[in-house]
Amino acid sequence: MADVSPTPAAAASAEPLPAPRARPWAGAAAASVRWIPEAARRPVALTALAAAVLLFPVIDRNGGDVDAAANAGSFAILALGLNIVVGFAGLLDLGYAAFFAIGAYSYGIFASGQVHPLWNAAWQPFQWLGLVSRFHVDGVPDVVQMHVSFWLMLPGAALIAALFGILFGAPTLRLRGDYLAIVTLGFGEIVPIVVRNTPSLTNGAMGLNGVISPQIFGYRFGVNATPFYYVGVAMIAVLLFVSYRLKDSRIGRAWMAIRADEIAAGAMGVNRTRLKLLAFAVGAAFAGATGTYYVAKLQTATPEMFMFPVSVMVLVMIVLGGTGNPAGVVVGALLLQLLQSWFLEDLTQWVHALGRLVNSPGLQQVDLVQSIELIFGVILVLMMLFRRQGLLPATRTVAALSLAEQAAHPTRGGIGASLSAVRREEAASGTPMLETRGLVKRFGGITAIKDVDVRIDPHEIVGLIGPNGSGKTTFFNVVTGLDRPDGGTVRFMGEDITGLPSHAVVERGIARTFQTLRLFNDMTVLENVLVGMHARLHTGAVGAVLRTPLTRREEREARERAMEILAVFGNRLVPRVNHLASSLSYANRRRLEIARALAARPRLLLLDEPTAGMNPAETLELADQVRSLREMGLTVLMIEHKLNVVNDITDRVFVLDYGEKIAEGLARDVQANPEVIRAYLGRTAAAGI
Ligand code: ADP
Ligand code: MG
């Protein structure tokens, strides 16, 4: 997207950076990097890294180091998996080790002599496939010997763990935040207990024995760590790739939207239950594959290997590396693991030596290896205090705008171009766009809306006015599926949509903005708009990973459409496409909310106080833009307090007071209505203003 990111040519033509002062080593390093052309730096760095990783066992011929690196690799994969659940989707899972255990025991059971059912004909096909064999001992009935291949069980265990993820997630993922953390904590405790108490399957606390080690082209890995090291590296590479592909896709954006604001994500068309389950299942699948790898390497499995501290350790790795950044969490995992296995021993020796030197018996007894959990705790506290985003943060900072880019050009006259995002209405003539009958919503003792009948026809701009607390926002919430009505019906283009979940309402063509801004603050302007398109795009998890020509095209068109929508607001949002939504001014956030709603290709647009916080010039500009949208075929219902806007652009208004519709008609007539005057003035007088 050349029009979005600063072009390399522009960056190259910029003045070279002044040489750093008084730091000769940094100057030398920078000078050597400058030898490599800008565009080639990344590939060069990646190639160097790949070469170092691949050559490591050849150069460092110490088997212990390679073994430690191979073990560290399995934690890097776990961290990648948990990163999808916690980092992408924001679901705090404290029992992640359970899926690690499920994957481990899946392989352990299918590739050891632990379970040996009696042989019967049903096993014959599996024997042909080479998964089991018939074991014969004279005098007793034949039994089945299982030896399912490691290579088959890698995806197999991933699948089994993913199934458990779905089974476990389906009833619990409706919970949020702390509640979900507690429930996952429980699950993490239950799985090792079940493992310990089903000795017939798992050999209980004694642990599985004789797990078969993998074999490739006739070569059996045995206890040699080097082949495991390479398998681990390959798994990390594949799963990093999968993580990045998912992250930069419709699926990844939906996860991040859920993480940022679940309600708003639903209102933008994201099916929250399904996407949370997907995150859980993908995370569990990563852990399942890791379990297989880990058990194949150790050739045993005990319940102690999968207890709560493992879940916590993986969480610390993510926080250390940078929640949400796949490369970061791999670095975090490797750092912590290698710290533990390579350096703590040496460090302990040094502390002891220091103790002898200063003659301190306390120091001589320190054992840092045993204090690893304490060290994790300290790291966690330090990260939270000083670098919450982790060593490698997930969000990049972008350059500030130039003064010319910052200057707004107020415009009148609405939107110049026509928008492909706006759909012309297609329902049979005479069918209202929106119709509510006897709509009721109560909150405890308060009846927020009471028997509201509203009819909105295609291509109208209807205003919804009323004093504060009269139920306007609640009316929007009930229509868009955020709140369930306690009575009455909502019909949209003839279809009954009462009580549908919010994502289903968006799919049918109603999009909205929020009075209290609900942008996805840690996503960019462009990403916010792309989330708005969620309901109109089709890429699933598989398509996102494979990035087929079809998904590429869909993504390209989505980005083009997003830019087209952002251009509605002149130069207000376009120069800021790569900026975080949280960095926008208040008025620009309002505009972005409208852009995001337009991205859903609505037929009916609900605007909740869109001009709040805008100055008079900006208000007029927005009013013109709303009018243009109507001319393009959209129907608009807007809550608005500014009378000039209401008079200017609405065809009709209706008035709510204490949840009841008290008037309806042309804006001018309604304002003269004594009921309405009493509603406004009565409240104002009562408030003592
Ligand atoms: P308006 O948008 O017209 O200012 P609202 O629809 O926000 O008014 O609120 C209408 C009434 O419903 C208010 O009395 C408010 O306190 C109440 N209300 C709105 N949402 C809730 C809620 N989630 N729980 C309890 N009361 C609510
Ligand atoms: Mg309101």
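Here is a walk through this structure, from the whole chain down to its ligands and a handful of single residues.

A few ground rules come with it: this is a predicted model, in which local features need pLDDT of at least 70 and side-chain atom pairs count only at pLDDT 80 or more, while totals for chains, interfaces and linings use all residues. Residues are numbered from 1 along each chain as its sequence is written, chains are lettered from A and ligands numbered from 1 in the order in which they are written, and side-chain values use heavy atoms, with hydrogens and water left out.

Let's begin with the chain. Buried here means under 20% relative accessible area, exposed means over 50%, and partly exposed is in between, using a 1.4 Å probe and protein chains only. The accessible surface comes to about 32,200 Å², and carbon and sulfur atoms own 63% of that; the areas come from the Shrake-Rupley method with a 1.4 Å probe, and for residues only the protein chains shown count as cover. As for contacts (heavy atoms within 4.5 Å), look at those between residues at least 6 apart in sequence: 74% of them join residues at least 24 apart.

Now for ligand 1. Around it sit Phe 443, Ala 448, Pro 467, Asn 468, Gly 469, Ser 470, Gly 471, Lys 472, Thr 473 and Thr 474, where a residue is near a molecule if one of its heavy atoms lies within 4 Å of it. By class, that shell has three nonpolar, six polar and one charged residues. The sorting goes like this: Ala, Val, Leu, Ile, Met, Phe, Trp, Tyr, Cys and Pro count as nonpolar, Asp, Glu, Lys and Arg as charged, and the others, Gly among them, as polar. Helix H19, residues 472-479, gives the most to the shell, with three residues.

Several polar atoms come up to the oxygens of ligand 1. A polar contact is a pair of N or O atoms within 3.5 Å; within protein, one must be able to donate a hydrogen and the other to accept it, and residues adjacent in sequence count only if both atoms are side-chain atoms. Gly 471 brings a polar backbone atom to 3.0 Å from an oxygen atom of ligand 1. Lys 472 uses a polar side-chain atom, 2.8 Å from an oxygen atom of the ligand, and Thr 473 has a polar side-chain atom at 2.7 Å from one. Taken on its own, ligand 1 has 560 Å² of accessible area, and the protein covers 61% of that.

Thr 473 turns up again at ligand 2, the magnesium ion. Thr 473 (OG1) and Gln 515 (OE1) coordinate this ion at 2.0 to 2.1 Å. Donors are N, O and S atoms within 2.8 Å of the metal (3.2 Å for Na, K and Ca), and water is not among the atoms, so sites may look incomplete. The two residues link distant parts of the chain, 42 residues apart: Thr 473 is in helix H19, and Gln 515 is in the loop between strand E10 (510-512) and helix H21 (525-532). Thr 473 counts as partly exposed because its relative accessibility is 26%, and Gln 515 does so at 30%.

Next, some single residues. Thr 436 lies in strand E5, residues 434-443, and counts as buried because its relative accessibility is 1%. A polar atom of its side chain is 3.1 Å from the backbone oxygen of Val 452. Not counting residues up to four places away in sequence, Thr 436 touches Val 452, Asp 453, Val 454, Phe 475, Val 479, Thr 489 and Val 490.

Leu 185 belongs to helix H8, residues 177-196, and is partly exposed at 26% relative accessibility. Residues up to four places away aside, Leu 185 touches Leu 94, Gly 95 and Phe 308.

Finally, two residues with positive phi. Asn 359 has phi near 60° without being a glycine; it is found in the loop between helix H15 (326-358) and helix H16 (361-364). Glu 609, also no glycine, has a phi of about 50°. Asn 359 is exposed, at 63% relative accessible area, whereas Glu 609 counts as buried at 11%.

Terms used: Helix = DSSP H or I, 4+ residues; strand = E, 2+ residues; numbered from the N terminus.
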